[in-house]
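Welcome! Please have a look at the sequence and the structure below, and then take a short walk through some of the features with me.

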Amino acid sequence: MPFADRLQNVETSAIRELFKLLGKPGIISFAGGFPDPSLFDVEGIRLASEAVLRDAPGPVLQYGATEGYGPAREQIARFMAAKGMPVAPEGLIVTTGSQQALDLIGKTMVSPGDKVIVEAPTFLATIQCFRLYGAEVIGAPIDADGVQVEALECLIEEHRPKLVYLVPSFGNPSGAMLSLERRRRVLEIAARTRTLVVEDDPYGELYFGAAPPPTLLALSAEVPGSRDWLAYCGSFSKILSPGLRVGWLAAPAALLANATMCKQFADAHTSNLTQAIAAQYLALDRMGAALDRVRQVYAARARVMAEQLRAVLGDAVAFDAPQGGMFFWARLAGGRDAGAFAQRAIEKLVAFVPGAPFYAQQPDHSTLRLSFATADAAKIEEGIARLGQAL
Ligand code: PMP
């Protein structure tokens with residue numbers, strides 16, 4: 001088949017290939033990026049589903065507006081306002097997961113040959129998505145406080161990118177949290193260099209101790225001119241259910257209008273039924289209690305993982321224990337190869353993801369990502385013990 005040239009810029013994710021090995025019986029997986037299904041608020045989702053099918057069966061089963069189902073836009077706007085982000089319902093569109101918001105941003109903003117800056121490492125699907133539209137994706141260095149702003153500023157001056165993509169709170173895969181001071185600097189740089197910053201925030205609610213600093217969007221009120229250069233992607237995937245496929249995009253009006261036009265051609269609109277369920281769920285006021293539980297469980301698992309990693313692997317691995325999210329990002333000592341380690345680990349029936357694919361450029365082959373979201377404490381202890389045998 002004479003496929004489109006753009007496919008030459010991307011390949012199937014190395015992680016998906018690894019997932020094929022995860023069917024082995026008895027395997028303990030730290031590889032996935034899934035939330036724990038036992039934490040889904042099934043009862044709340046059932047109540048919400050029953051209510052929408054009882055009260056508004058016509059609209060929720062019908063075609064709908066590309067921008068989103070009205071009550072969903074209103075509830076999401078309310079949800080954002082509660083997190084310090086005053087956005088009108090018309091200031092956001094509902095998307096089919098935040099993944100679609102990222103795709104629409106790529107479609108709307110990126111021409112072949114354009115440059116895009118991301119964190120090194122960052123969410124793999126975003127790298128692939130921007131590459132599909134022909135972007136040259138450039139990595140900016142990070143540490144436990146998120147992207148290093150001086151380096152980011154230099155890269156922006158040097159490359160004049162179309163956009164900068166950041167996951168400021170508990171990044172995937174880094175687990176890093178951008179400090180308040182750096183958030184302010186990012187906004188100043190965006191306004192000064194007139195560079196679009198895309199803030200992707202699926203994990204911000206999954207904090208273990210104190211909440212992360214306000215989002216870039218919330219802080220933009222303090223930094224003149226920055227709001228015009230900011231797009232915010234939200235998602236219910238990690239805090240309610242990824243199967244609903246409800247995310248959203250809040251952005252300056254012109255970007256939102258173009259993204260909406262592109263969405264018309266992509267899927268016409270996100271399922272009204274799942275949007276309505278998410279909206280009704282928010283209206284039921286159960287999110288707070290459900291999130292408290294998720295935070296507690298993930299915090300405990302992260303604590304066990306940190307203790308076990310230190311006890312079993314000791315100096316063989318370095319990491320900063322995350323303060324939220326779903327991931328540990330670790331580096332093997334002595335530049336040892338995490339890909340080979342992953343192979344040996346699979347033989348010992350434990351899986352994780354090598355870190356190299358998360359780099360747009362110059363992969364660090366000694367890095368790895370471990371998710372603590374789906375394994376309970378006993379599985380984490382056993383899994384890390386097996387990692388020790390695979391070392
Ligand atoms: N952004 C990041 C950083 C993610 O990790 C994910 C999912 N793992 C997404 C976006 C997409 O999530 P969804 O489409 O389910 O909202």
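## A cluster of rings

Ring pairs link Phe208, Tyr298, Phe319, Phe328 and Phe372 into a cluster. Rings of Phe, Tyr and Trp (its six-membered ring) pair if their centres lie within 6.5 Å; planes under 30 degrees apart count as stacked, over 60 as edge-to-face and the rest as tilted. This is a predicted model, in which local features need pLDDT of at least 70 and side-chain atom pairs count only at pLDDT 80 or more, while totals for chains, interfaces and linings use all residues. Residues are numbered from 1 along each chain as its sequence is written, and side-chain values use heavy atoms, leaving out hydrogens and water.

| Pair | Centre to centre | Angle between planes | Type |
|---|---|---|---|
| Phe130 and Tyr165 | 6.2 Å | 80° | edge-to-face |
| Tyr298 and Phe372 | 6.5 Å | 80° | edge-to-face |

What do these pairs hold together? Tyr298 lies in helix α12 and Phe372 in the loop between β14 and α14 (377-390), so their pair ties together parts that are 74 residues apart in sequence. Helices (H or I, at least four residues) and strands (E, at least two) are DSSP runs, numbered from the N terminus. Tyr298 is buried, with a relative accessible area of 1%, and Phe372 is buried at 0%; buried means under 20% relative accessible area, exposed over 50%, and partly exposed in between (1.4 Å probe, protein chains only). Phe130 belongs to helix α6 (residues 124-132) and Tyr165 to strand β6 (residues 163-166), so that pair ties together parts 35 residues apart in sequence. Both Phe130 and Tyr165 are buried.

## Strands side by side

Next come the strands. Two strands pair if DSSP finds at least two bridges between them. Two bridges join β13 to strand β14 (residues 367-371) in the antiparallel sense, and Pro354 stands opposite Leu368 in β14.

Elsewhere, strand β2 (residues 92-96) has four of its five residues buried, so it is largely enclosed by the rest of the structure. Five bridges connect β2 with strand β9 (residues 246-250), and the two run antiparallel. Val94 has Trp248 as its bridge partner in β9.

## An exposed glycine

Is Gly113 buried or exposed? Gly113 is exposed, with a relative accessible area of 55%, and is found in the loop between α5 (97-109) and β3 (115-120).
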